[in-house]
Amino acid sequence: MTLVLLVDDNPDDRERYVRQLKKIAQANYNYVEADGYDSMLTMLKQHKPDCVLLDYSLPGRNGLEILQEIVAKERHLPVIMMTGQGNESIAVKSLKEGAQHYLVKSEVTDELLHTHILAAIKHCAMEREHDDLIEQLMESNVALERFAYVASHDLQEPIRMINNFGKILLAEYQSRLDDEGREYLSMVTESGERMRDMVNDLLDYSRMSHEAMKPEQFEGEQVLESVLENLKVLIEDTHTEITHDPLPQLSGNPVQIMRLLQNLITNAIKYQPPGNKPCIHIGVKDCADAWNISVSDNGIGIDNRFISQIFEPFRRLHTWDTIKGSGLGLAICKKLAENNNGSISASSTPGKGSIFTISLPKPQIIMEAA
């Protein structure tokens, strides 16, 4: 049985709705009536209607004000706004405020009313299901992040023990082992180092959601200088050539932006063909409301089939023996960009190189949104 709440100060209109609902042979409608705002509140407390027919013109209150209250209290309760005379402006406002439909009383037939009630109920049920799924997903993500943090934190000590004693065995007892034994022990220590890197990155990734973001304005040039200083040894050892456009003033967390650029430049140096001299350019493009900062390289590139996957956690396109890594580097980059109200994307040509682009809102846009 479908319960409809009829909210109208005109008893003739309420009676007409009742007659129309009773004509719907294929439906089983029941109804309760309210002649104004106060009686409507009473009916909402006493009953749980499946749909509300709300008159736009009520004594002392207009339908839009009442609609806002209903939506605020019962987000998924379908409301159909009823009016004596059609008004396009009111119709648009009603739909924006959360009404499922807007009907002119003189044009309403029994079938039309039935159709719109069913559609409104179905739409709100889908919205409720969608919101429930989003809430479950958010709870699942929080639980997963908490588990990842605890698990990675607790794994650090046993992994440290494995690595330390493996190195001791290699240093002090390798003369007592044959070639096969030394090979096995090397595999153990190498796997321990791989696990250590993975756990550290997993811990870093799980922390991202809990880091307090304190946005501030800062000079992009100073952040880039810090990045290049941090990577100075790696740049010199690999004979990397880095050029860059002048970086503008940015808004966000300077430490996180520094980590983001540092990760991308490190990747650009790491993912190179054997014997290739890394050439990297940090470009800047003014895009109205945002700054697009790109990191271009001449590395091995990425097959376009996998571009959409590279920012997923643990997504690796190479074996660990070929290029070391945990598979979390770009997932961390994605979180860092999103933590600063931005985004990251990539384009690539296999064998020629890749371009990773960070899009960050301009400081004035952040200030206007605050």
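Start by colouring the strands of an open, five-stranded sheet, ordered β2-β1-β3-β6-β7 with parallel pairing. Strands here are DSSP runs of E with at least two residues, helices are runs of H or I with at least four, and both are numbered from the N terminus. Two strands pair if DSSP finds at least two bridges between them. In general, strands of a sheet pair through backbone hydrogen bonds, either parallel or antiparallel.

Before moving on, know that this is a predicted model: local features need pLDDT of at least 70 and side-chain atom pairs count only at pLDDT 80 or more, while totals for chains, interfaces and linings use all residues. Residues are numbered from 1 along each chain as its sequence is written, and side-chain values use heavy atoms, with hydrogens and water left out.

Back to the sheet: which strands sit at its edges? Select 29-34 for β2 and 101-104 for β7; each of them pairs on one side only. Now zoom in on β6 (residues 79-83), which runs parallel to β7 and pairs with it over four bridges. Pick M81, and you'll find its bridge partner Y102 in β7.

Next, select 11-22. This is helix α1, lying across β1 (2-7), β2, β3 (51-55) and β6, and running at about 175° to β2. That contact means heavy atoms within 4.5 Å. The angle is taken between N-to-C directions on a scale from 0 to 180 degrees, using axes fitted to C-alpha atoms, for helices over the stretch in contact.

What does R16 form with D13? It's a salt bridge, with the closest N and O atoms 3.4 Å apart (the term needs a side-chain nitrogen of Lys or Arg within 4 Å of a carboxyl oxygen of Asp or Glu). R16 and D13 are three residues apart in helix α1, so about one helical turn separates them.

Last stop: K362 and D286, in a salt bridge with 2.5 Å between the closest N and O atoms. Here K362 is buried at 8% relative accessible area, whereas D286 is partly exposed at 47%.

Key:
Buried < 20%, exposed > 50% of the residue type's maximum accessible area, 1.4 Å probe, protein only.
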